[in-house]
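Visitor: I am new to this structure and would like to learn how to read it. Please start with a pair of elements that meet.

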Amino acid sequence: STSSNCHISKGLTSTIRTLKLKDAWFIKNRHIEYTYIKNNCKSRLDRIYLCDLSTVVSNTQVIHTNISDHSCVITALNIEGIPLQGKYYWKLNTSLLKDTFVKQRFSQLWGKLKRQIENYQSINDWWVHLAKT
């Protein structure tokens, strides 16, 4: 039979209380989403616990997969000051262009990268490889 009872070890319960952690799932969701289902057993074995970051949770979801008997738990955080990844507008901090250390390191790196051009069939192949790394 299936059970919605929550059986967490005493050690984990103590750690959660001591560190004042919150289960990311219940920050944004009220219903239970099981992460492990086998035969007639259902359980939330896979969890994400947060402390101070609990106020910046934008979404938590469970994704069921065929490659494991456990589901994937994903929590998205919306933290100010951290740049987004992906296809977004990016602007160079131009003050770095005046920084002696940055200019010196860039010159060293650029020299090393330019010497690698001969390892590619064309300069375009070299540039595409650089853009992806």
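Guide: Contact here means heavy atoms within 4.5 Å. By that rule, Trp110, Leu113 and Lys114 in H3 meet Trp126, Trp127 and Leu130 in H4. This is a predicted model: local features need pLDDT of at least 70, side-chain atom pairs count only at pLDDT 80 or more, and totals for chains, interfaces and linings use all residues. Residues are numbered from 1 along each chain as its sequence is written, and side-chain values use heavy atoms, with hydrogens and water left out.

Visitor: How is the packing of two helices described?

Guide: Two packed helices are described by the angle between their axes and the distance between the axes. Axes are lines fitted to C-alpha atoms, for helices over the stretch in contact, and angles run from 0 to 180 degrees between N-to-C directions. For H3 and helix H4 (residues 123-132), the angle is about 135 degrees and the axes are 11 Å apart. Angles under 35 degrees count as roughly parallel, over 145 as roughly antiparallel, 65 to 115 as roughly perpendicular and the rest as oblique. H3 and H4 are therefore oblique to each other.

Visitor: How many helices and strands does the chain have, and in what order do the elements run?

Guide: Helices (H or I, at least four residues) and strands (E, at least two) are DSSP runs, numbered from the N terminus. The chain has four helices and six strands. Starting at the N terminus, the order is α-β-α-β-β-β-β-β-α-α.

Visitor: Which residues form salt bridges?

Guide: A salt bridge is a side-chain nitrogen of Lys or Arg within 4 Å of a carboxyl oxygen of Asp or Glu. The structure has two of them. In one, Arg44 pairs with Asp23, and the closest N and O atoms are 2.9 Å apart. That pair links distant parts of the chain, since Arg44 is in the loop between strand S3 (41-43) and strand S4 (49-50), while Asp23 is in strand S1 (residues 22-23), 21 residues apart. Arg47 also forms a salt bridge with Asp23, at 3.8 Å from N to O. Arg47 lies in the loop between S3 and S4 and Asp23 in strand S1, so this pair ties together parts that are 24 residues apart in sequence. Through shared partners, Asp23, Arg44 and Arg47 are joined into one network.

Visitor: Is Arg44 buried or exposed?

Guide: Buried means under 20% relative accessible area, exposed over 50%, and partly exposed in between (1.4 Å probe, protein chains only). Arg44 is buried, with a relative accessible area of 9%. Asp23 counts as buried at 13%, and Arg47 as partly exposed at 25%. Of the 133 residues in the chain, 14% are buried.

Visitor: Which residues make a nonpolar surface patch?

Guide: Patches are made of residues with over 30% relative accessible area and no salt bridge: like charges are joined within 9 Å, nonpolar side chains (Val, Leu, Ile, Met, Phe, Trp, Tyr) within 5 Å. Accessible areas come from the Shrake-Rupley method with a 1.4 Å probe; for residues, only the protein chains shown count as cover. Leu53, Leu77, Ile79 and Ile82 make a nonpolar patch of about 300 Å². Ile82 sits in the loop between strand S6 (72-77) and helix H3 (100-115), and counts as exposed at 51% relative accessibility.
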